[in-house]
Amino acid sequence: MADGPQKAGSVDIKSLKLISVNNVIVDLKPFFVEANIYEDIFSPCMKGEILLSDSRNLFELVGLVGEELINIEFVTPTMDYPIKKTFRVYKISDRTIVRDNNTQLLTLHFASIELFHDIILPVYRAFEGDIDQVAADIFADYLATNRDYPINELDKGAQDADFITPFIILNGTQNKVKFVSPGWTPFKCLNWLASKAIPKEGTAKNFLFFESNKAFYFGSIEYVLKETLQNNKTIGTYYKSASNFREGDLNMSNHLNREYFIARDVNMVETTDHIKNYTNGYLASRLYHLDIHNKKYEIIDYDYVQEYNKQWHTAGFGEYAYPVFTKDSLRNFATHISYYPKNPKLFDNFKDNINEKMNEIYGNRLSSLLDLSNIKLNITVPGRTDVEVGKVLYFSYPSLGGKADEDVNKNKEDKQYSGYYIVTAIRHKINFNDHSMSMECVKDSLYTADR
């Protein structure tokens, strides 16, 4: 294809090969119809499926059993950030005979190779140290694996490589942990550690562990928002508008650049549900911290309405971000009660273990993560292989309704729903002609005070 993209959403499929259980290499391009690849900050790994049209009987050709590897590499033309990973097939479905019984359609479902390591490697082991370091050790010891299988030019087999999908710790933790994994999987251990992490800087305890199309990440949402907004590192400003830039403008690169940021479809799928927020612990919650050793308990009430201004949000820090509630919002700590045990004598000479820190973590984490379910926007845009979940974009939500003839600004924004959103999930839809992204974007505040 040409060196540069012909349209927004152009894609260059560099590799699409199947590696059989017998190390037989099959180029899937002649069979390829469409692929969907999913990434989500609430999921520890990526998944996807590929639709094939088969008139050569792949089942007999390579002996498909549903445990093959699929090597995928595609890139947005002129970009240096490909999506390049090897996945493992776990299911074959929707096998249908078509075209006078000469062709079949089938779907191969695949997932990150680390998922299969996770399933078969329950962890029975003691851990001790800073939470971020323990997380890194678990990943290195149980999950780190080769995800890039070089294939020789003659397709005679896949070769071993040293490249491991990176594990990136976004921000450090200040608290330590000492625990014995009772047969949990590595993913469960990492998610559990994320739920107990206190950041070295910042106040929100909203750590997550997830995989994007570039790396595995362990860090807090507050850190992502702070770093992005302070350093203006967003992936761009997106609009809902007709893609009509090509008319009357000879500079095609300008057209293409702008078209990447035009949403083909916009759907506000979630807005604030105040009844739900009154009862799910978002606004206020209560924790009974049970001291097993000393036979007593402590009641910790967390009021997010009062604590909101101490954190970074999608609209900025503290009072600069208008919340989705008012200071007079109804709340009662007793509408959401939880219990958590602690045992200060569980480990000798190891103070402040994480079970003793839940009074600082529980209510804060609950409210911070529920913040990510208040305002949810789905947009479909031309695909870019440099975009991944966990990044921040600006969406200009149009102000609806008629505009007066004398109104100079015909492109006014909706003040509440325009603003910065964090990308929580992406579906990459790829065929030979197009790459599109359906992005789930959320925000936890309505607008900034200086607007």
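## A guided tour of the chain

Of the 451 residues in this protein chain, 51% count as buried. Keep in mind that you're looking at a predicted model.

**Stop 1: the whole chain.** Switch to a cartoon view to begin. The chain has nine helices and 23 strands. Now try a surface view: the chain exposes about 21500 Å², and carbon and sulfur atoms supply 48% of that area. There's also something to say about contacts across the sequence. Take the contacts with a separation of 6 or more: residues 24 or more positions apart account for 71% of them.

**Stop 2: helix 4.** Select residues 186–194, which make up helix 4. Is this helix mostly covered or mostly uncovered? It's mostly covered, with seven of its nine residues buried. To see them, colour Pro186, Phe187, Cys189, Leu190, Trp192, Leu193 and Ala194.

Stay on Cys189 for a moment: its relative accessible area is 0%, so it counts as buried. Next, jump to Cys45, which is buried as well, with a relative accessible area of 6%. And how many disulfides does the model have? The count comes to zero. A pair of cysteine sulfur atoms would have to lie within 2.5 Å to be counted.

**Stop 3: the largest pocket.** The largest pocket holds about 420 Å³ of space. Which helix gives the largest share of the lining? That's helix 5 (residues 221–231), which supplies four residues. If you colour the lining by type, you'll get nine nonpolar, three polar and seven charged residues.

Stop 4: Go to Asp94 in strand 6 (residues 83–98). Its phi is near 55 degrees, a positive value in a residue that isn't glycine. Asp94 has a relative accessible area of 54%, and since exposed means over 50%, it counts as exposed.

Then find Lys295, in the loop between strand 15 (284–291) and strand 16 (296–303). Lys295 isn't a glycine either, yet it has a positive phi of about 55 degrees. Is Lys295 buried or exposed? At 70% relative accessibility, Lys295 is exposed.

Stop 5: Select Leu369 in helix 9 (residues 358–370).

**Stop 6: Ser436.** For the last stop, pick Ser436 in strand 23 (residues 435–443). Its relative accessibility is 8%, so Ser436 counts as buried. Which residues touch it, leaving aside neighbours within four places in sequence? Ser436 is in contact with Arg264, with Val381, Pro382 and Gly383, and with Arg427, His428 and Lys429.

Methods. Residues are numbered from 1 along each chain as its sequence is written. This is a predicted model: local features need pLDDT of at least 70, side-chain atom pairs count only at pLDDT 80 or more; totals for chains, interfaces and linings use all residues. Side-chain values use heavy atoms; hydrogens and water are left out. Buried means under 20% relative accessible area, exposed over 50%, partly exposed in between (1.4 Å probe, protein chains only). On a 1 Å grid over the protein atoms alone, a cavity is a set of points where a 1.4 Å probe fits but cannot get out, and a pocket is an open set with protein on both sides within 12 Å along at least five of seven lines; lining residues have an atom within 4 Å of a point. Grid points are joined across faces, edges and corners, and a volume is the space filled by probe spheres set on the points. Helices (H or I, at least four residues) and strands (E, at least two) are DSSP runs, numbered from the N terminus. Ala, Val, Leu, Ile, Met, Phe, Trp, Tyr, Cys and Pro count as nonpolar, Asp, Glu, Lys and Arg as charged, and the others, Gly among them, as polar. Contact means heavy atoms within 4.5 Å. Accessible areas come from the Shrake-Rupley method with a 1.4 Å probe; for residues, only the protein chains shown count as cover.
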